[in-house]
Amino acid sequence: LVESVNTLIHTIMGAIFMLVFIIHVAFVLFIKKNRHLFKSMVTGKVTEQYAMKRHPIWYERIRHKDRY
C-alpha cells in the first residue's frame, strides 16, 4: 500500500513539474517582452541592462560585489 501511494505521489508530482515547465517556457516564447529571456533560461545569464531595469536591488548588490 505504501509503495503504491508513493508511486502515485511521484507520478502526480512529475506531471505537475512537466506542466509548470511547459508553461514557464511558453510564457517566455509567447509573451513578446519576455522572448529575449529564452537565451537566459539556457545560459543562466541576463544582460546588464535587463538586470538594471527589472531587478535594480540585485543589480546594485552584484555591482558593488565586483568592486572588491
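Modeller: Let us begin with a term for accessibility: buried means under 20% relative accessible area, exposed means over 50%, and partly exposed lies in between, with a 1.4 Å probe and protein chains only. This is a predicted model, in which local features need pLDDT of at least 70 and side-chain atom pairs count only at pLDDT 80 or more, while totals for chains, interfaces and linings use all residues. Residues are numbered from 1 along each chain as its sequence is written, and side-chain values use heavy atoms, with hydrogens and water left out.

Colleague: Is Phe21 buried, exposed or partly exposed?

Modeller: The relative accessibility of Phe21 is 46%. Buried would need a value under 20% and exposed a value over 50%, so Phe21 counts as partly exposed.

Colleague: How are the rings of Phe17 and Phe21 arranged as a pair?

Modeller: Both residues lie in helix H1, four residues apart, about one turn of the helix, where a helix is a DSSP run of H or I with at least four residues, numbered from the N terminus. Rings of Phe, Tyr and Trp (its six-membered ring) pair if their centres lie within 6.5 Å, and planes under 30 degrees apart count as stacked, over 60 as edge-to-face and the rest as tilted. A search of the whole structure finds one aromatic pair. The ring centres of Phe17 and Phe21 are 6.5 Å apart and their planes stand at 20 degrees, so the pair is stacked.

Colleague: Which residues meet in a salt bridge?

Modeller: A salt bridge is a side-chain nitrogen of Lys or Arg within 4 Å of a carboxyl oxygen of Asp or Glu, and the structure holds one. Its two residues both lie in helix H4 (residues 56-65), three residues apart, about one turn of the helix. With a distance of 3.6 Å from N to O, the side chains that meet are those of Arg63 and Glu60.

Colleague: Which residues does Asn34 touch, not counting residues up to four places away in sequence?

Modeller: Asn34 lies in the loop between H1 and helix H2 (38-43), and at 14% relative accessibility Asn34 counts as buried. Contact means heavy atoms within 4.5 Å. With residues up to four places away in sequence left out, Asn34 touches Phe27, Val28 and Arg54.
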